[in-house]
Amino acid sequence: MNFKLKDLGPQLITVIAVVLIFGFFTYNAQINMENRGIDFGYGFLSQESSFDVQFSLIEYDGSHSYFRAYLVGLLNTILVSVIGIIIATIIGVIVGVARLSPNYLINKFAAYYVEFFRNIPLLLQIFFWYFAALRALPLPQDAEAIFGVFFLTIKGLYVPAFIWENFNIFLYSIVASIIAIIVIRIQAKKLQETQGKQIPVFFISIGLILILPLLSFLIGGVSLSFEIPKLKQLAATSFVYDGGLSLPPELIALTLSLSLYTATFIAECVRAGIQGVGKGQKEAAASIGLTPNQVLKLVIMPQALRIIIPPTTNQYLNLTKNSSLAAAIAYPDLVLVFAGTALMQTGKAIEIVSITMFTYLSLSISISILMNWYNKKIAIQEK
Amino acid sequence: MNKINFLKPDKSNLNTFLYLGSFLFFISVLDVFLNSFFKVNFIGFLPNFLSFIMPLILGFIGLYLIRIEYSGIKKLDQLNKHINTNNFNAILSLLIIFIVIKSIPPILNWFFIEASFAGDSKDVCTGSGACWTYIKVWMRRFMYGMYPNAEQWRINLSFIALALLGSVGYFATDRFKKYLTLYYVVIYPLIAFLFIFFFISGGPVFFDFSYGIIAAIVSIIIGFFIPNKFKFYYFLIVPLFIYILLKYYLFFEETIELGKLDGLNWVETGAWGGLSLTFIISFFCLIFCFPIGMAFALGRRSNFPLIRYISIGFIEFWRGVPLITVLFMSAVMFPMFLPADFFIDKLVRCIIAISLFEAAYVAEVIRGGLQALPRGQYEAAKSLGMGYWKMHIFVILPQALKLVIPGIANTFLALVKDTPLIFVVGLLEIVGMLNLAKTNPEWLGFAMEGYVFAAIIFWIICYAMSKYSYNLELKYKTDR
């Protein structure tokens, strides 16, 4: 038998300690709640919330439930995270590649960018953009149009809104083109493996993704028009823009600082990844007659991605978690709406803080599971 | 004279290309320079769009003409190699040069030329530049928070004392080097805690502190006459003994003159703030999170499944939630979990929360180091008959920690950068104080100066830390 009594001791002690600590906490919590006359339960989620949120993706006002408020906060958090991740990746990849550039000026410029932005606390950067930089923008009535349609004002960024007709047909066409591209890629791979023929998949893909949606405009009855924001006078000195899409300054400040900050870390990941691919790989690939593009696509990138992806995933997670700093500038994210306003109103500290933490936990665990799966897929398969 | 082909600069007409190219490049830079420094636009006669893009075109042609391989002129070859390898690089280089030249005057103006330094009221800040007077007036608040002005020497004294005590390592002779780890891990944090607790916090407990100092001095003096063999036990027992003797038997607080010193005024932690609070929190969290993280890293690699699962649960939980919700928890949820008459100070709760949070990250970093060690190290240590603890303390951890110095430094940097988040529980360190000062009706509109000031301070701290960790890494780098 493999069982050893000696091994049981430390484990038992640890478990007992953990159980005792948790027991102590629950016991106290019960007594405290009894004393204060608070009852434990998640029933409040369906009650009427009676507070308003200034920016929400779904329809919401005070008459909706607390659960709806939770959804509003969650969606706002996801919105900031997704925009932030996209911008941070773009900047990060550019800066990371720039740091490897043989051009001295570009190299130094990227290095200074990284050193500068990553050594300043994110909260400070958010405050800086929100309270100092964006406050210096003009009032709505003084704002000059950028390209004639964008208005960057102290009250936010106004962009033209898309007005679609038969939007679903357009969507179907895009889905159809994506499916077609996948099918063609698989076929092309098969062709190359069996007969050695190469098809310009890249150009076919671009063609497909342009032509199919274009067809939907021409014969599918889809039409697109823009609604350009117009200045409207509310009172003698109060102006707003009417129509179009308005992005609140909180959102702009938050995404700007989050992506500028996270991009520095992503840049370092990218640099480390590309540097991590041995020089011999490049030379070997060139010596068997691959073109520079093929070397990059078939030899360097697959190996570099293997090094880049795990730490970059961590940065994505960090960005998502850091988006909770929104509470500091009153962007209505999950923490502000739910753990802030809702908690003040209901006083249900344990329930609300636990729901908030659980939400973040499941967000980060789901991202890391997804990335682990991808990572496993591209990992070296040793034979 | 060879035929000149302007589309293909070559070495045979080196001088022609060189002079023409340098001239064009010089003109383009000069134009931008004059434009930004002296507001002179000597190609303003051109149409608006063309005069905007003209320097770029001129500079590009100039760089194109001087791109001659193996010209034989060392400077030119170097220039070509570094900023002028191809057309794309040339344009990027030009853009960067132009951006730098363009941005120097406004930045200089704002920081120095138009800025106001003198005076001590808002009225002097009339220029378009920064108002450093604002920083000057609020300096004490930014450094010490709401700590009473008359008592701030206590913070200064504590920090200077701690810095001196912390630098002991540099002056230690070889004889004492082996005790340094013990000193930094156990004794120094203890002294630091005593300083912070009795000095900065103050209050009637200050007496204990003076007894402690007397006990330490007396026992060190006697300690010189104790044989080496017993020194360890001596320092373990005697100081405590003298302390108890002093406190309870020799000097009753009513009778001793020292007891009649009024002690130091008690300053509640809510009044602490500014940069000093950033330091205090970072310092303690650094000290606490490291051993906790190490314990969980070892726990995660343990052979006991229960310990392993508990460690994994702990690490993944703290890594999965944002710090701000952890602080929320420590502020609104944690008091519910304690007995009703049991009160933990806000600052202490904060330090515990941040320490636990960062400990999870430290644990993952250290685990990386443990995993990177070859299995042979473990087996060699075991074959020498070492037990678990001996093996880890003398063989595994020294090597693993050396490997992960950069990772740990990054975690510590993140910790320092996370300290401003304590605004959630109502503690105001430097960024919080800035936000408070910004809303003061007498000093409205100087947010920018405050944030720039704080950014510079944080940047210096973090940059110094990262450089220091880089040096450490080099110092402890050993080839295996």
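Predicted model: local features only at pLDDT ≥ 70, side-chain atom pairs only at ≥ 80, totals over all residues.
Two strands are taken to pair if DSSP finds at least two bridges between them.

To see one of the pairings, display A:Leu157, whose bridge partner in S8(A) is A:Leu247. Now widen the selection to the open sheet of 4 strands, which follow the order S1-S2-S3-S8 with antiparallel pairing. At the edges stand strand S1 (145-146) and strand S8 (245-247), each with a single partner strand, so one side of each has no neighbour in the sheet.

**Second stop: strands S4 and S5 of chain A**

Proceed to strand S4 of chain A and strand S5 (residues 223-227) of chain A, which run antiparallel and are joined by 5 bridges. A:Phe162 has A:Phe226 in S5(A) as its bridge partner.

Next, select residues 122-133 of chain A. This is helix H4, which is mostly covered, as 9 of its 12 residues are buried. Among them are A:Leu122, A:Ile126, A:Phe127, A:Trp129 and A:Tyr130. Against which helices do the buried residues of H4(A) pack? Within chain A they pack against helix H7 (249-276) and helix H9 (292-322). From chain B, helix H19 (405-418), helix H20 (430-438) and helix H21 (447-475) also take part in this packing.

Remain with helix H7 of chain A, where A:Leu260 has its place. A:Leu260 counts as buried because 22 other C-beta atoms lie within 10 Å, and the cut-off for a buried residue is 20 or more.

**Fifth stop: where the two chains meet**

Display both chains together. Here 48 residues of chain A are in contact with 43 residues of chain B. On the side of chain A, the elements that give two or more residues are helix H1 (5-36), helix H3 (104-118), H4, H9, helix H10 (334-346) and helix H11 (349-378). The largest share, 12 residues, comes from H1(A). By class, this side of chain A has 33 nonpolar, 11 polar and 4 charged residues.

The crossing of H1(B) past H4(B) is right-handed. The residues that meet include B:Val29 and B:Phe33 in H1(B), and B:Phe98 and B:Ile101 in H4(B). This contact divides into 8 nonpolar, 1 polar and 1 charged residue.

Finally, select helix H16 (residues 346-372) and helix H18 (residues 388-403) of chain B, which pack at an angle of about 115 degrees with their axes 8 Å apart. H16(B) also passes H18(B) in a right-handed crossing. B:Ile366, B:Gly369, B:Leu370 and B:Ala372 in H16(B) meet B:Ile396, B:Ala400, B:Leu401 and B:Leu403 in H18(B). The contact has 7 nonpolar residues, 1 polar residue and no charged residues.

Technical notes:
Residues numbered from 1 in each chain as written. Chains lettered and ligands numbered in written order. Contact = placed C-beta atoms within 7 Å. Left-handed = near helix turned anticlockwise from the far one by under 90°. Nonpolar A, V, L, I, M, F, W, Y, C, P; charged D, E, K, R; others polar. Axes fitted to C-alpha atoms, helices over the stretch in contact; angles between N-to-C directions.
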